[in-house]
Amino acid sequence: MKKGTIRQRARERHEKHALRWQRHLERQRDLNNKIKAAASDILKSPQFRSTRRHIQHGNVTVNNHCLNVAKYSLAISEKLHISCSREELIRGALLHDYFLYDWHAKEHVPVYKLHGFFHPGVALKNALEEYELTPRERDIIKKHMWPLTVVPPTCREAWIVTMADKWCSLLETFRIYRGHGALRYDREEESVSTTA
Ligand SMILES: [Fe+2]
Ligand SMILES: [Fe+2]
């Protein structure tokens, strides 16, 4: 094979790869912008930001996990053209794990405090103290651990988040998706004061 042909093929492969990567980044930017537009109050809340202190799965924080679930939920609903309230979908997904404690800590390990069964209720209680939630947003938070929570979701938004949550949890647990680890309390305080 001629040298020129090999180079040309390599260049074409490189260009295809660059184009795919560019499309992926544009898609991520678009999803992030939609999440910001629907829930800037949640994203800016110090309480929500505090979820960066706790690990959810692997080395992914609760904060990062909730953003992943919101992003996947939105992507699924758009890809499959599911007619639903995107705003409630995003807000419910961001708050679905709003339990605000470190579930790996010793005090949450005993059987009577089974995190998997009880955290949706804790998350809902915490979210209600801070936000006015719609029935759909409540359903998303309360039922996202189905079938553990026995009663199945009753709206499309909750079904989407339930599925996206399981998919993200799988990717994070097997470290296919990696995070940056939990933020130390003192470091977070520093970053908040410098960005304020
Ligand atoms: Fe959860
Ligand atoms: Fe979750």
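Mentor: Let's start with burial: a residue is buried if 20 or more other C-beta atoms lie within 10 Å of its own, exposed if 12 or fewer, and partly exposed in between, with C-beta atoms placed from the backbone. By that count, 33% of the 196 residues in the protein chain are buried. Keep in mind that this is a predicted model, where local features need pLDDT of at least 70, side-chain atom pairs count only at pLDDT 80 or more, and totals for chains, interfaces and linings use all residues. Residues are numbered from 1 along each chain as its sequence is written, while chains are lettered from A and ligands numbered from 1 in the order in which they are written.

Trainee: Which pattern does the protein chain follow along the sequence?

Mentor: Helices (H or I, at least four residues) and strands (E, at least two) are DSSP runs, numbered from the N terminus. Here you get eight helices and two strands, in the order α-α-β-β-α-α-α-α-α-α. The C-alpha trace spans about 70 × 40 × 35 Å along its principal axes.

Trainee: And what share of the contacts links residues 24 or more positions apart?

Mentor: Two residues are in contact if their C-beta atoms, placed from the backbone, lie within 7 Å. Of the contacts with a separation of 6 or more, 67% join residues 24 or more positions apart.

Trainee: Which residues have the most contacts inside the largest nonpolar core?

Mentor: In soluble globular proteins, nonpolar side chains tend to be buried together. A nonpolar core is a set of buried Ala, Val, Leu, Ile, Met, Phe, Trp, Tyr and Cys residues joined through C-beta atoms within 7 Å. The largest one has 31 residues, and Val-69, Ala-70, Ile-90, Ala-93, Leu-94 and Val-161 have the most contacts inside it. Helix H1 (3-44), helix H3 (62-79), H4, helix H5 (115-130), H6 and helix H7 (156-173) each give two or more residues, with the largest share, seven, coming from H3. Leaving aside residues up to four places away in sequence, Ile-90 touches Ile-35, Ala-38, Ala-39, Ala-70 and Leu-74.

Trainee: How do H4 and H7 pack: at what angle do their axes cross?

Mentor: Two packed helices are described by the angle between their axes and the distance between the axes. Axes are lines fitted to C-alpha atoms, for helices over the stretch in contact, and angles run from 0 to 180 degrees between N-to-C directions. The axes of H4 and H7 cross at roughly 45° and come within 10 Å. The two are therefore oblique (under 35 degrees is roughly parallel, over 145 roughly antiparallel, 65 to 115 roughly perpendicular, and the rest oblique). Glu-88, Leu-89, Gly-92 and Ala-93 of H4 meet Glu-157, Ile-160, Val-161 and Ala-164 of H7.

Trainee: What about H4 and H6: which residues meet there?

Mentor: Helix H4 (residues 86-95) packs on helix H6 (residues 135-143) at about 35°, with the axes 8 Å apart. Glu-88, Arg-91, Gly-92, Ala-93 and Leu-95 in H4 face Arg-136, Glu-137, Ile-140 and Ile-141 in H6.

Trainee: Where is Leu-100, and what is its phi?

Mentor: Most residues other than glycine have a negative phi, and most peptide bonds are trans. Leu-100, in the loop between H4 and H5, has a positive phi of about 60°. Leu-100 is partly exposed because 18 other C-beta atoms lie within 10 Å. Arg-175 also has a positive phi, near 55°, and counts as exposed, with 12 C-beta neighbours inside 10 Å. The Trp-146 to Pro-147 peptide bond is cis, with omega near 15°, and Pro-147 sits in the loop between H6 and H7.
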